[in-house]
Amino acid sequence: MTSRLSRLVVAMIATAGATLGVTVANPSPASAAMTICYNTSQAGSYAGTANQAASIWNNATVNLTLSANCGSNLRIYQITGGGSYAVRTSLGNGRVYIDTQQAAQYSPLRIMTHEIGHILGLPDNYNGNCAILMSGGSAGTSCTNPYPSSAEASRVSSLFAGTFSATERSTDRSADIFRDSWPATLAPVS
């Protein structure tokens, strides 16, 4: 958020300076934020949840903006059965599937934000810690935290700024399917 505010202030000062005939030097141009267009036409009842998750990521990161229905970098689907999962085709591109059965057990917003995290380059981290978004369902059904930790947000911001080293990028496979973040739905008790 501070980066966006800084760019806005620099632009306003430059505009005011130009109007007054003053030249304002911008020592280093701010890197433009990448826009990821997500499509909720197949998200069913989870379209609003997708919008909330996008807002969470937009507020947590500085080098990208998720924007609704302006294209299809990211498609979001509502499914029934099979588990929620993400298919990342490349950084910022792919599909998210939200399983209605799992969303009845786990927080739908946590699931959505977690699965979008995969599209943004984050791997699973099954440590059971509710404060870590990418711990997924390992944190249990009582965990409703939909917010990435500062380390997770920082990693996404770095990935979209292109500041990770070749070694760090080589461990991040671009095309992948992320399944099993959420334990299987519980069988009904007879």
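This is a predicted model: local features need pLDDT of at least 70, side-chain atom pairs count only at pLDDT 80 or more; totals for chains, interfaces and linings use all residues.
Helices (H or I, at least four residues) and strands (E, at least two) are DSSP runs, numbered from the N terminus. Residues are numbered from 1 along each chain as its sequence is written, and side-chain values use heavy atoms, with hydrogens and water left out.

Let's begin with the chain as a whole. Its secondary structure comes to 6 helices and 6 strands. Read from the N terminus on, the elements follow the order α-β-α-β-β-β-β-α-α-α-α-β. Of the 190 residues in the chain, 41% are buried; here buried means under 20% relative accessible area, exposed means over 50%, and partly exposed lies in between (1.4 Å probe, protein chains only). The accessible surface comes to about 9,500 Å², and 56% of that surface belongs to carbon and sulfur atoms. Such areas come from the Shrake-Rupley method with a 1.4 Å probe, and for residues, only the protein chains shown count as cover. Among contacts in the chain with a separation of 6 or more, residues 24 or more positions apart account for 63%.

Now back to serine 149. Is this residue buried or exposed? Serine 149 has a relative accessible area of 15%, so it is buried. Setting aside its neighbours within four places in sequence, serine 149 is in contact with Ala131 and Ile132. Proline 148 is found in the loop between H4 and H5 as well. Proline 148 is buried, with a relative accessible area of 12%. Not counting residues up to four places away in sequence, proline 148 touches Ile56, Trp57, Ala60, Leu133 and Ala153. The C-alpha atoms of proline 148 and glycine 117 are separated by 8.4 Å, although these two residues are 31 residues apart along the chain.

Next come two helices. Two packed helices are described by the angle between their axes and the distance between the axes. The axes of helix H2 (residues 47–60) and H4 come within 9 Å and cross at roughly 55°. That angle makes H2 oblique to H4. The axes are lines fitted to C-alpha atoms, for helices over the stretch in contact, and angles run from 0 to 180 degrees between N-to-C directions. Angles under 35 degrees count as roughly parallel, over 145 as roughly antiparallel, 65 to 115 as roughly perpendicular, and the rest as oblique. On the H2 side, the contact is made by Thr49, Ala50, Gln52, Ala53, Ile56 and Trp57, and on the H4 side by Pro108, Leu109, Met112, Thr113, Ile116 and Gly117.

From helices we turn to strands. Isoleucine 36 has its place in strand S1 (residues 34–42). Isoleucine 36 is buried, with a relative accessible area of 0%. Which residues is isoleucine 36 in contact with, leaving aside its neighbours within four places in sequence? They include Leu64, Leu66, Leu74, Leu120 and Phe160. Threonine 65 is 29 residues from isoleucine 36 in sequence, and their C-alpha atoms are 6.1 Å apart in space.

Asparagine 69 lies in the loop between strand S2 (64–68) and S3. Most residues other than glycine have a negative phi. Asparagine 69 has a positive phi of about 50° although it is not a glycine. At 48% relative accessibility, asparagine 69 counts as partly exposed.

Our last stop is a set of tyrosines. Rings of Phe, Tyr and Trp (its six-membered ring) pair if their centres lie within 6.5 Å; planes under 30 degrees apart count as stacked, over 60 as edge-to-face and the rest as tilted. By this rule the count comes to 2 aromatic pairs. Tyrosine 77 and tyrosine 97 form a stacked pair, 5.1 Å centre to centre with 15° between the planes. This pair links distant parts of the chain, with tyrosine 77 in strand S3 (residues 74–79) and tyrosine 97 in strand S5 (residues 93–99), 20 residues apart. Tyrosine 77 is partly exposed at 21% relative accessible area, whereas tyrosine 97 counts as buried at 14%. The rings of tyrosine 85 and tyrosine 97 have centres 4.6 Å apart and planes at 20°, so this pair is stacked. Together, Tyr77, Tyr85 and Tyr97 form one aromatic cluster.

Conventions. Contact means heavy atoms within 4.5 Å.
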